[in-house]
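Hi everyone, thanks for coming. Let me put the sequence and the model up on the screen, and then I'll walk you through a few places in it.

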Protein chains: 2
Amino acid sequence: MKTITIITLMMISATLFPQKKDELASHIINMEKAALERWNKGDVYGYLEIYADDVVYFDPMLKKRMDGLDKLTAYYKPLQGLINVSGYEMIDPLVQAVDNMAILTFNLRSFQDDKEFYWNCTEAYRKEKDGKWKIIQSHWSIPAPKKEE
Amino acid sequence: MKTITIITLMMISATLFPQKKDELASHIINMEKAALERWNKGDVYGYLEIYADDVVYFDPMLKKRMDGLDKLTAYYKPLQGLINVSGYEMIDPLVQAVDNMAILTFNLRSFQDDKEFYWNCTEAYRKEKDGKWKIIQSHWSIPAPKKEE
């Protein structure tokens, strides 16, 4: 009985506070996918809930870096309920990590209104004092067009 | 005499192995500026020398993320001697750091052939085993045009 309790506690602990490199990579990728899937359904709070207060942000619709969760919340809020992405493929997600910080990079292919869109993405996740990981830097940009191959 | 030696050693140590947050931020920003200034004069090795072997890279001329120093060296080498940027302004550089990783973000304004170019940039620096900092992730992209204000 004791053994089962310990194993259960270890499993919960591994989910909440991933330690090993592979575990951490899966945890970070799963966090990103969960936020992205909420975004695709029009729920901007998937990301807003995992941005740190000091998050900084780039996207190609902005003229410069946007600083802080307050500004990013004001930027995202008007989009709530308006996004409808029917599907996505996260291409080659990679996590480069040290103890308390992890850089996730990937290319994204997403489907909207019978069109395909491609993105470059870099997310920097930091382990906060409570052991949870939050995004402190998010950079979205547009890669060169596929057709120029 | 001993005191002077100790102070000198501390100063050298602070330059090579910055500890405090402000010192680290200055160190990272200075590394980036040094590489950028060599780039602007046509020397691509300023960056290549501070990229880690496992560096990953995005820019708007590429269709997807480029992985590894070997590929990035092959990508940069043909540009050696061909770049001539006459001036630049690094706008609002910010360093978000933990012990062994630091995220540098900034906007860049650069001047070439009487034209202005604007960039978004995210560099992830990691402290290597020898105590030196290297770039493990570099993301360059184009912000929204200034004229649309």
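Let me start with the pairing rule: two strands count as paired if DSSP finds at least two bridges between them. Helices (H or I, at least four residues) and strands (E, at least two) are DSSP runs, numbered from the N terminus. Please keep in mind that this is a predicted model, where local features need pLDDT of at least 70 and side-chain atom pairs count only at pLDDT 80 or more, while totals for chains, interfaces and linings use all residues. Residues are numbered from 1 along each chain as its sequence is written, chains are lettered from A and ligands numbered from 1 in the order in which they are written, and side-chain values use heavy atoms, with hydrogens and water left out.

Let's look at the sheet in chain B. It is an open sheet of six strands with mixed pairing, in the order β2-β1-β6-β5-β4-β3. At the edges sit β2 (66–67) and β3 (87–97) of chain B, each pairing on one side only.

Now follow β3(B) into its neighbour. Nine antiparallel bridges link β3(B) with β4 (residues 101–112) of chain B. Y88(B) has S110(B) as its bridge partner in β4(B), and Q96(B) is partnered by I103(B).

On we go to β5(B), which runs antiparallel to β4(B) and is joined to it by 12 bridges. There, R109(B) has Y118(B) as its bridge partner in β5(B). This hairpin has two residues between the strands, and D113(B) takes a positive phi near 50°.

Is β4(B) enclosed or open? Nine of its 12 residues are buried, so β4(B) is largely enclosed by the rest of the structure. Buried here is under 20% relative accessible area, exposed is over 50%, and partly exposed is in between (1.4 Å probe, protein chains only).

What about the helices? Helix α2 (residues 21–40) of chain B lies across β3, β4, β5 (115–127) and β6 (133–141), at about 145° to β3(B). Helix α4 (residues 69–76) of chain B lies across β1 (51–58) and β2, at about 65° to β1(B). Those angles run from 0 to 180 degrees between N-to-C directions, with axes fitted to C-alpha atoms, for helices over the stretch in contact.

Next, the partner chain. In all, 38 residues of chain B are in contact with 38 residues of chain A, where contact means heavy atoms within 4.5 Å. Between them the chains bury about 3,000 Å², 58% of it on carbon and sulfur atoms; that area is the accessible area (1.4 Å probe) the two parts lose on being put together, summed over both. In chain B, K63(B), R65(B) and Q96(B) lose the most area to chain A, together 21% of what that side buries.

The rule finds two salt bridges across this interface, each needing a side-chain nitrogen of Lys or Arg within 4 Å of a carboxyl oxygen of Asp or Glu. D92(B) and K64(A) meet in a salt bridge at 2.9 Å, N to O. β3(B) gives the most to the side of chain B that touches chain A, with six residues.

Last stop: H139(A), in strand β6 (residues 133–141) of chain A. H139(A) is buried, with a relative accessible area of 0%. Its side chain makes polar contacts of 2.8 Å with the side chains of T122(B) and S141(B). A polar contact is a pair of N or O atoms within 3.5 Å; within protein, one must be able to donate a hydrogen and the other to accept it, and residues adjacent in sequence count only if both atoms are side-chain atoms.
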